[in-house]
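Here is a set of exercises to work through with the model open beside you. Try each task before you read its solution.

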Amino acid sequence: MLHFPEAYQHRAIEGWAILVYDVAPWGEIGNAPVVASELSEGFGTQALSLIRSAKVPTTQGLVGCVDPLRFKMPTTDLAGTTIPAW
């Protein structure tokens, strides 16, 4: 699950991170540096935490996978009610 860095979640500040990683034949992710992140390193740290906890359903290794991750505030609440844009 993708979580906002706590300092930004309370202020509804969005950000992004780009990760490059390898996948072992058994699905574990490794060698995953953060290539870039904005507004701060906190978004890269959270994205890295997410990607390291993931498992990829594969029977062969993969090298040089690239994923951009966007930290975007939800447009609906848990009840499905639309949250107005600010």
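**Exercise 1. Sort the residues of strand S1 by face, and say which are covered and which are uncovered.**

Solution. Start with the ground rules: this is a predicted model, where local features need pLDDT of at least 70 and side-chain atom pairs count only at pLDDT 80 or more, while totals for chains, interfaces and linings use all residues. Residues are numbered from 1 along each chain as its sequence is written, and side-chain values use heavy atoms, with hydrogens and water left out.

Step 1: find S1 at residues 15–23. Helices (H or I, at least four residues) and strands (E, at least two) are DSSP runs, numbered from the N terminus.

Step 2: Gly15, Ala17, Leu19, Tyr21 and Val23 make up the covered face, and Trp16, Ile18, Val20 and Asp22 the uncovered one.

**Exercise 2. Which strands pair with S1, and over how many bridges?**

Solution. Two strands pair if DSSP finds at least two bridges between them.

Step 1: take S4 (residues 62–71), which runs antiparallel to S1 and is joined to it by 8 bridges. Here isoleucine 18 has proline 68 as its bridge partner.

Step 2: go to S3 (residues 34–38), antiparallel to S1 over 4 bridges. Serine 37 in S3 stands opposite alanine 17.

Step 3: finish with S2 (residues 29–30), again antiparallel to S1, with 2 bridges. Aspartate 22 is partnered by glycine 30 in S2.

Step 4: check the turn. The S1–S2 hairpin has 5 residues between the strands, and glycine 27 has a positive phi near 95° there.

**Exercise 3. Which elements each supply at least two residues of the largest nonpolar core, and which gives the most?**

Solution. Such a core is a set of buried Ala, Val, Leu, Ile, Met, Phe, Trp, Tyr and Cys residues joined through side-chain atoms within 4.5 Å. Buried means under 20% relative accessible area, exposed over 50%, and partly exposed in between (1.4 Å probe, protein chains only).

Step 1: the largest core holds 14 residues, and Leu19, Tyr21, Ile29, Ala32, Ala47 and Ile51 have the most contacts inside it. S1, helix H2 (41–53) and S4 each put in at least two residues. H2 gives the most, with 5.

Step 2: zoom in on tyrosine 21, which sits in S1 and counts as buried because its relative accessibility is 9%. Contact means heavy atoms within 4.5 Å. Beyond neighbours within four places in sequence, tyrosine 21 touches residues including Ile29, Ala32, Ile51, Val63 and Cys65.

Step 3: do likewise for isoleucine 29. Leaving out neighbours within four places, its contacts are Tyr21, Asp22, Val23, Ile51, Ala54 and Val56.

**Exercise 4. How many salt bridges does a search of the whole structure find, and what does lysine 55 pair with?**

Solution. Side chains of opposite charge can pair when their charged atoms come close. The criterion is a side-chain nitrogen of Lys or Arg within 4 Å of a carboxyl oxygen of Asp or Glu.

Step 1: the search turns up 1 salt bridge. Lysine 55 pairs with glutamate 28, with the closest N and O atoms 4.0 Å apart.

Step 2: Lysine 55 is in the loop between H2 and S4 and glutamate 28 in the loop between S1 and S2, so the pair ties together parts 27 residues apart in sequence.

Step 3: look at accessibility. Lysine 55 is exposed at 59% relative accessible area, whereas glutamate 28, at 39%, is partly exposed.

**Exercise 5. Where is asparagine 31, and is it buried or exposed?**

Solution. Step 1: asparagine 31 is in the loop between S2 and S3. Its relative accessibility is 58%, so it counts as exposed.

Step 1: check the backbone. Asparagine 31 has a positive phi, near 45°, though it isn't a glycine.

**Exercise 6. In which element is confidence lowest, and in which is it highest?**

Solution. Step 1: list the elements. There are 2 helices and 4 strands, in the order α-β-β-β-α-β from the N terminus.

Step 1: read off pLDDT, the predictor's confidence in each residue, from 0 to 100. The protein averages 78, and 72% of its residues reach 70 or more. Helix H1 (residues 6–9) is lowest at a mean of 65, and S1 is highest at 89.
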